Structures are given as structure tokens and as C-alpha cells.
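Hello,

Here is the structure I promised to pass on.

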Amino acid sequence: MNLNATLFAQFVVFFILALFTMKFIWPPLIKALDERAKKIADGLAAADRGKADLAAAEKRASAELATARDEGQKRIGEAEKRGQQIVDEAKKTAAEEAARIIANAKAEAEQQMTKAREALRGDVATLAVKGAEQILKREVNSAAHADLLNQLKTEL
């Protein structure tokens with residue numbers, strides 16, 4: 001019986017120890033392990049969210065960069081186009097101004113030529129009248145007439 005009593009006593013001590021452990025030691029230990037597991041799970045979830053947020057931010061940043069690049073290229077194209085338009089307008093204005101100046105110069109030259117012709121006609125008419133006067137004043141002589149005509153030719 002001693003052996004049974006010892007076994008029974010060990011069983012009772014073990015049972016009391018198991019009850020004590022289950023009542024007072026396991027709850028805080030399990031609570032600490034659960035909290036630690038929850039913190040680890042929360043940390044992993046936060047890391048996953050951080051990675052997802054980082055990926056989304058990188059996508060947004062690259063999209064913004066692409067948009068900014070496209071808009072910059074568009075503005076550069078518009079500026080080049082406007083610059084070309086300004087150059088073309090300046091060329092057109094310069095060509096019109098040159099044509100106007102040339103037309104004015106031609107008109108002025110034409111007027112001066114007309115004035116010179118009129119003056120020349122007046123001079124020729126005056127010389128013809130003078131020549132006729134001199135011919136009529138002299139006697140009718142073919143040698144004198146030839147001299148007068150040669151003199152008229154040189155004056156003309």
C-alpha cells in the first residue's frame with residue numbers, strides 16, 4: 001500500500017500543480033503569447049500595407065512624372081510652334097514692307113523719268129524753235145543748214 005499511497009499522493013500533487021498552473025500561470029502566459037502574436041501579426045500587416053502604399057505612391061509618382069513630362073513636351077512644342085509663327089509673320093511683314101518700298105521706288109523712278117522726258121521734250125522744242133529761228137535769220141544756204149543741224153544734233 002505504500003506504493004499505491006505514494007502514487008496516489010504524487011497523483012494528487014501533480015493534479016494540484018496542474019490546477020494551479022492552469023489557473024494562475026497559463027492565463028498570463030497565454031495572454032502574453034497572444035499579445036505577442038497579435039503584435040507580430042499587426043506588424044506584418046502594417047509592413048504589407050506599407051509595401052502596398054509604397055507601390056501605390058510609386059505608381060502615382062511615375063504617373064505624375066509622365067504627365068508632367070508630357071505636358072512639358074506639349075508646352076515646348078507649342079512654344080516652338082508659336083516661335084515659328086512669329087518668325088513667319090516677321091518674314092511676311094518684311095516681304096510686304098520690301099515690296100511696298102520697291103513699289104514706291106519704282107513709282108518715284110517712273111515719275112522722275114516722266115519729268116525728265118517732259119523736260120527733254122521742252123528742251124528739244126526750245127532747241128527746235130531756236131534752230132528754226134537761226135535758219136530763218138540766215139540766208140538759205142545748204143552748208144549753213146547742215147552746220148545748224150549738226151549743232152542741233154550735238155545739243156540734243
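Let me start with threonine 21, which sits in helix α1, spanning residues 2-137. Helices here are DSSP runs of H or I with at least four residues, and strands are runs of E with at least two, numbered from the N terminus. This is a predicted model, where local features need pLDDT of at least 70 and side-chain atom pairs count only at pLDDT 80 or more, while totals for chains, interfaces and linings use all residues. Residues are numbered from 1 along each chain as its sequence is written, and side-chain values use heavy atoms, with hydrogens and water left out.

Threonine 21 counts as buried because its relative accessibility is 19% (buried is under 20% relative accessible area, exposed over 50%, partly exposed in between, with a 1.4 Å probe and protein chains only). Leaving aside residues up to four places away in sequence, threonine 21 touches Trp26 and Pro27 (contact means heavy atoms within 4.5 Å). Tryptophan 26 also belongs to helix α1 and is partly exposed, at a relative accessible area of 41%.

As for the whole protein, there are two helices and zero strands. Buried residues account for 4% of its 156 residues.

One record to keep in mind: an unreviewed UniProt entry places a "transmembrane region" at residues 6-26 (positions follow the numbering used here, feature names are shortened, and annotations may be inferred rather than shown by experiment). In the model, residues 6-26 are 100% helix and 0% strand, with the end C-alpha atoms 27 Å apart.

Happy browsing!
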